[in-house]
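User: I am new to reading protein models and would like to go through one by question and answer. Please show the structure before we start.

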Amino acid sequence: MDIKNIINSIYPLSEDSFQTLFACMIKRTYYKGNLLVKAGKVENSIYFVEQGIVRAYVPGEDRDVTFWIGAEGTVVVSLKSYVKHESGYETVECMENSVIYSLNQTALEALFLQDIHIANWGRKLAETELLRTEERFIPFLFTTASKRYEELLKKHPYLFARIPLEHLASYLGITPVSLSRIRARISRR
């Protein structure tokens, strides 16, 4: 998905507003294993994944806990850094070679004051990220690991070919052994 489609999927902008926003973006290629965001640091940019896949995790003593995975078309933002200008708790790692645009938060905030359409786009981005967070975490309260696996398989089957199973298991809130058992049980149906 190209950057214009990513931006306009959040909130459609006029060509002039898009060009103004786009002029503040930097396109970079990141390699598998590169980190976009580091836990314990204030992140000053928002990222847009044009190509590739990334995961957000909280580093732990015994293991990392993956809580978000994003592929083409997704936005990467450390909400704690963005809203409170404080150190975030997450690390975001490229799981593949990726093409990613960055947008500096200070530049974006200046654009909010200059262009009402970009300000509305920013409001919609915040709403979208809040909803995405809610949709990710509420099911953990009410669904089984098997149901979460089946939903992930239905909505994002490409993840199983692109992400190591240990990270998918962590994302689902289970161990790799439990994931193997669930996969075997479902494949026997």
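User: In which strand does Val76 lie?

Analyst: This is a predicted model. Within it, the strand that holds Val76 covers residues 75–76. That strand is β6.

User: Is Val76 buried or exposed?

Analyst: A residue counts as buried when its relative accessible area is under 20%. Val76 has 2% relative accessibility, so Val76 counts as buried.

User: Which residues is Val76 in contact with, leaving aside its neighbours within four places in sequence?

Analyst: Contact here means heavy atoms within 4.5 Å. With the neighbours within four places left out, the partners of Val76 are Leu36, Val37, Ile46, Tyr47, Val49, Val54, Trp68 and Val92.

User: How far apart in space are Val76 and Leu153?

Analyst: In sequence, Val76 and Leu153 are separated by 77 residues. In space, taken from C-alpha to C-alpha, their separation is 22 Å.

User: Which residue of β6 stands opposite Phe48?

Analyst: Strands β3 and β6 run antiparallel and are joined by 2 bridges. Opposite Phe48, the residue in β6 is Val75.

User: Why is strand β3 described as largely enclosed by the rest of the structure?

Analyst: Strand β3 spans residues 45–51. It is largely enclosed by the rest of the structure because, of its 7 residues, the number buried is 6.

User: How many residues of strand β4 are buried?

Analyst: Strand β4 is made of residues 54–58 and is mostly covered. Out of its 5 residues, the number buried is 4.

User: Which residue in β7 is the bridge partner of Tyr57?

Analyst: Strand β4 also pairs with β7 (residues 91–94), through 4 bridges in an antiparallel arrangement. The bridge partner of Tyr57 in β7 is Thr91.

User: In which helix does His167 lie, and which residues does it touch, not counting those up to four places away in sequence?

Analyst: The helix of His167 is α8, residues 165–172. His167 is buried, because its relative accessible area of 13% is under 20%. Not counting residues up to four places away in sequence, His167 touches Arg55, Thr66 and Met95.

User: How many helices and strands does the protein have, and what is its radius of gyration?

Analyst: The secondary structure consists of 9 helices and 8 strands. The globule rule gives 16 Å for 189 residues, and the value for the protein is close to that, so the protein is as compact as a globular protein of that length. Its radius of gyration is 18 Å.

User: What percentage of the contacts between residues at least 6 apart in sequence join residues at least 24 apart?

Analyst: The contacts in question are those in the protein between residues at least 6 apart in sequence. Among them, the share joining residues at least 24 apart is 70%.

User: What percentage of the accessible surface belongs to carbon and sulfur atoms?

Analyst: Buried residues make up 43% of the 189 residues. The accessible surface of the protein is about 10500 Å². Of that surface, the part belonging to carbon and sulfur atoms is 54%.

Technical notes
Residues are numbered from 1 along each chain as its sequence is written. This is a predicted model: local features need pLDDT of at least 70, side-chain atom pairs count only at pLDDT 80 or more; totals for chains, interfaces and linings use all residues. Side-chain values use heavy atoms; hydrogens and water are left out. Buried means under 20% relative accessible area, exposed over 50%, partly exposed in between (1.4 Å probe, protein chains only). Two strands pair if DSSP finds at least two bridges between them. The radius of gyration is taken over C-alpha atoms; the globule rule is 2.2 Å times the number of residues to the power 0.38. Accessible areas come from the Shrake-Rupley method with a 1.4 Å probe; for residues, only the protein chains shown count as cover.
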